[in-house]
Amino acid sequence: MLGDRHPLTSGSRLGLALALNKLGQFGEAESLLRDAYGALTETLGAEHWRTANVRYYLGVVLQSQGRLREAELEVRAGHDQLLAALGPDHPRTLAAQKTLAELRTGR
């Protein structure tokens, strides 16, 4: 109804991707997040917090796959964008910071 590129459609993709990730369907989750990231970059811009949030979760999905180097790059980029957009005390920024620390320490 809203179209493939609408931010709310991308939000739905994010939710579905997170559910698929929990079910171990990593390829589908990654594909949905990459689509959502592309759409949000086009519609809201790369620096918008929603775009940054999807990028962070792309890193989470990559982490689930054991692709730790790629995961750290995406989580770091998402964290930095969330920090700039929402500030250091926002729950989304803090979640990304925690995941980044886990990736760095191998936990």
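The expected span of a helix is 1.5 Å times one less than its number of residues. The views below are taken from a predicted model.

**View 1. Helix α3, residues 49-64.** Helix α3 is made of 16 residues. From its first C-alpha to its last it reaches 23 Å, close to the 22 Å expected at 1.5 Å a residue. Its buried residues are T51, A52, N53, V54, Y56, L58, G59, V60, V61, L62 and Q63. An α-helix has 3.6 residues a turn, so residues three or four places apart point the same way. Just after α3 comes G66, which takes a positive phi of about 80°.

**View 2. The salt bridge between R55 and E74.** The side chains of these two residues meet with N and O 2.7 Å apart. R55 belongs to helix α3 and E74 to helix α4, and the pair links distant parts of the chain, 19 residues apart. R55 has a relative accessible area of 21% and is partly exposed. E74, at 16% relative accessibility, counts as buried, because buried means under 20% relative accessible area.

**View 3. The salt bridge between E30 and R67.** The closest N and O atoms of E30 and R67 are 2.7 Å apart. E30 lies in helix α2 (residues 26-43), whereas R67 lies in the loop between α3 and α4 (68-86), so the pair ties together parts that are 37 residues apart in sequence. E30 is buried, its relative accessible area being 11%. R67 is partly exposed, with a value of 24% for relative accessible area.

**View 4. The salt bridge between R67 and E70.** R67 also has a salt bridge with E70, and here the closest N and O atoms are 2.8 Å apart. E70 counts as partly exposed, at 35% relative accessibility. Salt bridges that share partners join E30, R34, R67 and E70 into one network.

**View 5. Salt bridges in the whole structure.** A search of the whole structure finds 7 salt bridges. Among them are the pair of R55 and E74, the pair of E30 and R67, and the pair of R67 and E70.

Key: Residues are numbered from 1 along each chain as its sequence is written. This is a predicted model: local features need pLDDT of at least 70, side-chain atom pairs count only at pLDDT 80 or more; totals for chains, interfaces and linings use all residues. Side-chain values use heavy atoms; hydrogens and water are left out. Helices (H or I, at least four residues) and strands (E, at least two) are DSSP runs, numbered from the N terminus. Buried means under 20% relative accessible area, exposed over 50%, partly exposed in between (1.4 Å probe, protein chains only). A salt bridge is a side-chain nitrogen of Lys or Arg within 4 Å of a carboxyl oxygen of Asp or Glu.
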